[in-house]
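Hi there,

Here is the structure I promised to pass on. Have a look first, and my notes on the pockets and the helix packing follow.

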Amino acid sequence: MYDYCKNVHVVDHPMIQHKLSIIRDKNTGTKDFKDLVEEISMFMAYEVTRDLPLEEIEIETPICKTKAKMLSGKKLGVIPILRAGLGMVNGILKLVPAAKVGHIGIYRDPETLKPVEYYCKLPTDINERELIVVDPMLATGGSAVAAIYFLLQRGADIRNIKLVNLIAAPEGIKAVTEKYPEIEIFVAAVDERLNEHGYIVPGLGDAGDRLFGTK
């Protein structure tokens, strides 16, 4: 648990930390980077979905009838922030394949420096779903705050929104928790700070460029 807020969780499982170290390495190529981001996302999804409700049912094993537990039908939605958030989607869907996927595209206006929505396509029943907003990096927090705002505008319940990032800067955590203290944030690491260009230090560079082989 990180100090900023009781709703901020650092997922420090050894396998996650091991794979995170590999994607931080500048020599890790695009294919390995993409595969590892997907794997880390799947591991993190175990923690994110830890509190999903269960119901007791009766099944019949090859031996006898017995009581067993299954998910009680809670609807999930995975909402990547474009474009880097796309790299996390398949890992989560491997764990919860029935989840619906929405997309939010945001860019920063070069003059006002404020986030601007350029694309938003969401499940029609987001008010009934627990929403997992994903983006590998939580840097300034501007995109995350904007994405949450856009979801609330379209009827999402703030109690049902969780934010999942691989690496966060203290500045990003502060921005999100000050604006939306109810939101649970799951990260694999909290790094030192942002540099003058808004990159997380030590971070891993531009996650979108490394995922898609662009510069």
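Strand S4 (76-82), strand S6 (103-108), strand S9 (137-138), helix H4 (142-153) and helix H6 (207-212) each give at least two residues to the lining of the largest pocket. Helices (H or I, at least four residues) and strands (E, at least two) are DSSP runs, numbered from the N terminus.

Before going on: this is a predicted model, where local features need pLDDT of at least 70 and side-chain atom pairs count only at pLDDT 80 or more, while totals for chains, interfaces and linings use all residues. Residues are numbered from 1 along each chain as its sequence is written, and side-chain values use heavy atoms, with hydrogens and water left out.

Back to that pocket: it holds about 740 Å³ of space. Its lining has 26 residues, and the closest to the centre are Asp 135, Met 137, Ala 139, Ser 143 and Asp 206. By class, the lining splits into 13 nonpolar, nine polar and four charged residues. (Ala, Val, Leu, Ile, Met, Phe, Trp, Tyr, Cys and Pro count as nonpolar, Asp, Glu, Lys and Arg as charged, and the others, Gly among them, as polar.)

A pocket here is an open set of points on a 1 Å grid over the protein atoms alone, where a 1.4 Å probe fits, with protein on both sides within 12 Å along at least five of seven lines; lining residues have an atom within 4 Å of a point. A volume is the space filled by probe spheres set on the points, which are joined across faces, edges and corners.

The second largest pocket has about 170 Å³. Among the residues lining it are Leu 52, Leu 71, Gly 73 and Arg 129.

**Then the helices**

Helix H1 (residues 14-24) packs against helix H2 (residues 30-48) at about 155°, with the axes 10 Å apart. So H1 is roughly antiparallel to H2 (over 145 degrees; under 35 is roughly parallel, 65 to 115 roughly perpendicular, the rest oblique). Axes are lines fitted to C-alpha atoms over the stretch in contact, and angles run from 0 to 180 degrees between N-to-C directions. The contact (heavy atoms within 4.5 Å) includes Met 15 and Leu 20 of H1 and Phe 33 and Phe 43 of H2.

H4 and helix H5 (residues 170-179) pack at about 25°, with axes 8 Å apart, and are therefore roughly parallel. Ala 144, Val 145 and Ile 148 of H4 meet Ala 175, Val 176 and Lys 179 of H5.

Cheers
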